[in-house]
Amino acid sequence: MTDDRKSDRANPYLAHLQNSSSTVNKYTGKPYSERYYELLKVRRALPIYEKRDEFLKLVEENKVVVLVGDTGSGKTTQVPQFLLEYGIREKNKMIVCTQPRRVAAMSVAQRVSEELEVPLGEQVGYTIRFEDVTGPKTILKYATDGMLLREAMSDPQLSRYSSIILDEAHERTLATDILMGLLKTIVRTRDDLKLIIMSATLDAGKFQDYFSRDPEYPLTVPLLNVPGRVYPVEVYYTPEPEKDYLEAAIRTVIQIHANEPLGDILLFLTGEEEIEETCKRLNQDIPLLVKEPKPFRVLPLYSSLPPNAQQRVFEPPPTNGRKIIVATNIAETSLTIDGVVYVIDPGFSKQKIYDPRVRVESLLVSPISKASAKQRAGRAGRTRPGKCFRLFTEQTFKKDLLETTYPEILRSNLANVVLTLKKLGIDDLVHFDFMDPPAPETLMRALELLNYLGALDDEGELTQLGRLMAEFPLDPQLSKMLIVSPQFQCSNEILSIVAMLSVPNCFLRPRDAQKKADAAKARFTHSEGDHLTYLNVYYAYKHNNEDPNWCYQNFLNYRSLKSADNVRSQLEGLMNKLNLPLVSTDFQSGDFYVNIRKALVNGFFMQVAHLESSGYYLTVKDNQVVSLHPSHGLDHKPTWVVYNEFVLTSRKYIRTVTEIKGEWLLQYASHYYDLANFPDGEAKRDLEKLTLKNKKPRKHK
DNA sequence: GAGCACTGC
């Protein structure tokens with residue numbers, strides 16, 4: 001503590017720091033406990049602590065500071081506290097620090113509240129979807145980046161905050177990218193705002209350039225480097241490219257297990273199926289190929305694994321043995337497993353790509369970036385020096401891998417982003433200062449879609465409907481459908497369907513019980529459409545008191561259903577707030593399901609397929625030959641269907657399909673089904689016939 | 001007749 005006072009005197013910028021030798025907590029008025037001082041000791045040993053004065057001086061003198069620090073530097077917990085102590089918080093404004101993931105926001109807030117010895121939710125809190133643990137006393141809050149973006153929609157200057165910290169900016173999530181675009185302007189107009197960008201090593205210069213560059217208002221943006229605290233990881237490459245990375249990976253695991261000292265192994269693969277297969281192989285092969293193998297436990301790890309199975313990777317390894325964890329990218333950023341000493345990196349992951357030409361997002365196994373490879377290697381050095389075996393050549397690493405993964409904004413359908421930006425008052429999207437501007441075609445597709453949905457008028461201005469749509473945390477098609485559903489007397493039902501469509505698939509199909517699972521699903525199936533099947537499942541879940549056992553017996557994913565129920569409540573709250581009535585058609589009425597299907601058409605008229613005489617479906621307008629996804633529950637092949645998703649795997653499939661009538665397309669989406677501008681084909685001829693049929697009775701009237 | 005990288009609102 002003596003050291004501290006000395007440095008306070010030495011640095012004039014710290015003149016109004018609170019007296020750090022005080023024994024009374026200024027927030028609670030209570031004397032500090034022993035634990036407080038223990039934590040303080042740990043905090044002062046963090047690498048970031050040595051940079052505190054330098055950091056605060058930079059903040060004092062600049063509006064924007066880029067702080068670069070690797071894992072273990074302590075930046076996420078300490079930097080917001082530096083700003084707090086420093087008194088950067090002015091006029092009752094708050095400090096907010098964003099995180100890409102909810103768990104991080106929660107756990108860091110918890111940690112910091114302990115370090116400051118205040119109850120979580122009072123001076124220090126967090127805000128994530130479904131949960132706002134903050135209060136009137138809150139001066140520091142952690143929030144997901146998406147949540148701060150939502151806040152910006154009602155407070156475009158983010159005027160509640162005196163300091164905004166964007167953490168993990170190098171991950172370049174959609175929300176962080178949009179926030180950066182907004183804040184670049186806000187920070188130039190608000191004199192009472194400090195912006196801190198925190199990032200891992202790569203790309204730091206890019207953030208600096210981006211925030212400083214402006215023809216009218218250039219800024220000096222200093223960069224501060226903080227060393228991380230990790231152990232060295234030795235990297236090995238293969239001398240020749242591997243033909244089969246799975247075989248190579250299995251071989252490497254076996255070699256490590258046979259020859260290397262104890263320490264857990266982490267193998268990165270691309271997906272569930274590959275992981276389960278590899279786990280099986282390892283359990284078979286290790287006893288066969290290793291003489292008297294040390295004890296080992298093979299553990300799969302991916303997001304759709306039930307939480308208790310995920311937790312197993314944190315259990316201690318078998319006595320005198322090791323854990324072999326076979327994981328997706330989840331182990332690259334979301335979950336950190338201490339005790340990993342060996343990382344095996346084949347160099348691939350599944351990545352989302354968006355093709356604006358066919359308007360399709362799909363997942364593709366692709367080579368990872370250098371940044372990812374480094375991040376993966378770092379996972380071996382958490383507790384002691386480690387080794388990373390890259391199953392590609394050094395040449396490949398240096399010459400072929402991209403520096404960083406393309407930011408999400410370049411790989412996504414931007415309909416939702418465009419709606420958000422419009423709501424934020426950004427009129428000229430084409431000239432919006434994105435750090436990485438998306439392809440013009442992607443923006444055009446998004447504008448076009450929003451125009452067809454009626455969210456934007458022909459001048460590109462947000463309509464009343466568009467403003468309502470932006471209130472919902474949903475894709476535009478879903479929010480449109482929800483907003484019009486009261487007109488079809490089925491908002492209660494559409495609310496349930498939208499919730500079910502917003503969560504991971506609830507149907508389980510374990511490989512050893514596929515027939516039973518299919519039989520269970522058949523009991524919920526509605527033959528007119530999968531959307532209606534989802535409604536049945538949701539009803540059944542509620543009627544069975546949301547019972548996890550009932551879910552288990554019926555091969556339903558309890559987590560998904562619970563989450564759907566949460567989403568539904570949130571959406572219901574928004575419907576009430578926006579004065580959208582919650583109504584149903586009498587279940588006995590023949591119109592109960594008809595009305596629901598009509599509402600579906602109102603949101604998804606652009607995702608319609610027509611049954612051709614060939615027996616295949618053709619999507620309207622873009623004429624893609626598609627098949628019904630084998631998971632569908634229709635008992636016949638309807639002439640017209642709406643679909644929720646276009647999936648590109650071994651074939652082109654449409655998934656979650658419901659039968660509709662061609663008349664409805666003409667009735668509710670005449671602007672889109674304008675036959676004068678419709679591509680020739682069977683679909684058009686069918687619609688023309690319907691037009692004639694509709695005209696005749698009118699003439700008689 | 002097949003799948004579901006990972007987040008987030």
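**Close-up views of a predicted model**

View 1. At 43% relative accessibility, Leu 402 counts as partly exposed. This is a predicted model, and here Leu 402 sits in the loop that runs between α13 (394-400) and α14 (415-423). Together with Tyr 406 and Leu 410, Leu 402 makes a nonpolar surface patch of about 280 Å².

**View 2. The second largest pocket.** Here we look into a pocket with a volume of about 270 Å³. Its lining counts 15 residues, and Gly 181, Leu 182, Thr 185, Ile 186 and Phe 432 are the ones nearest the centre. Sorted by class, the lining of this pocket has six nonpolar, five polar and four charged residues.

View 3. Lys 57 and Glu 61 pair up with their closest N and O atoms 3.7 Å apart. Both belong to helix α3 (residues 52-61), where they are four residues apart, about one turn of the helix. Lys 57 is partly exposed at 35% relative accessible area, and Glu 61 is partly exposed at 42%.

View 4. Arg 568 and Glu 572 meet through their side chains, at 3.1 Å from N to O. About one helical turn separates the two, because they are four residues apart in helix α22 (residues 558-577). Arg 568 counts as buried, at 11% relative accessibility, whereas Glu 572 is partly exposed at 29%. Elsewhere, salt bridges with shared partners link Arg 43, Arg 52, Asp 53, Glu 85, Arg 111 and Glu 115 into one network.

Note on methods. Residues numbered from 1 in each chain as written. Chains lettered and ligands numbered in written order. Predicted model: local features only at pLDDT ≥ 70, side-chain atom pairs only at ≥ 80, totals over all residues. Heavy atoms only, no water. Patch = residues over 30% accessible without salt bridge, like charges linked within 9 Å, V, L, I, M, F, W, Y side chains within 5 Å. Areas by Shrake-Rupley, 256 points an atom, 1.4 Å probe, with all protein chains shown as cover. Salt bridge = Lys/Arg side-chain N within 4 Å of Asp/Glu carboxyl O. Buried < 20%, exposed > 50% of the residue type's maximum accessible area, 1.4 Å probe, protein only. 1 Å grid on protein atoms, 1.4 Å probe; cavity = no way out; pocket = protein on both sides within 12 Å on 5 of 7 lines; lining within 4 Å. Points joined across faces, edges and corners; volume = space filled by probe spheres on them. Nonpolar A, V, L, I, M, F, W, Y, C, P; charged D, E, K, R; others polar.
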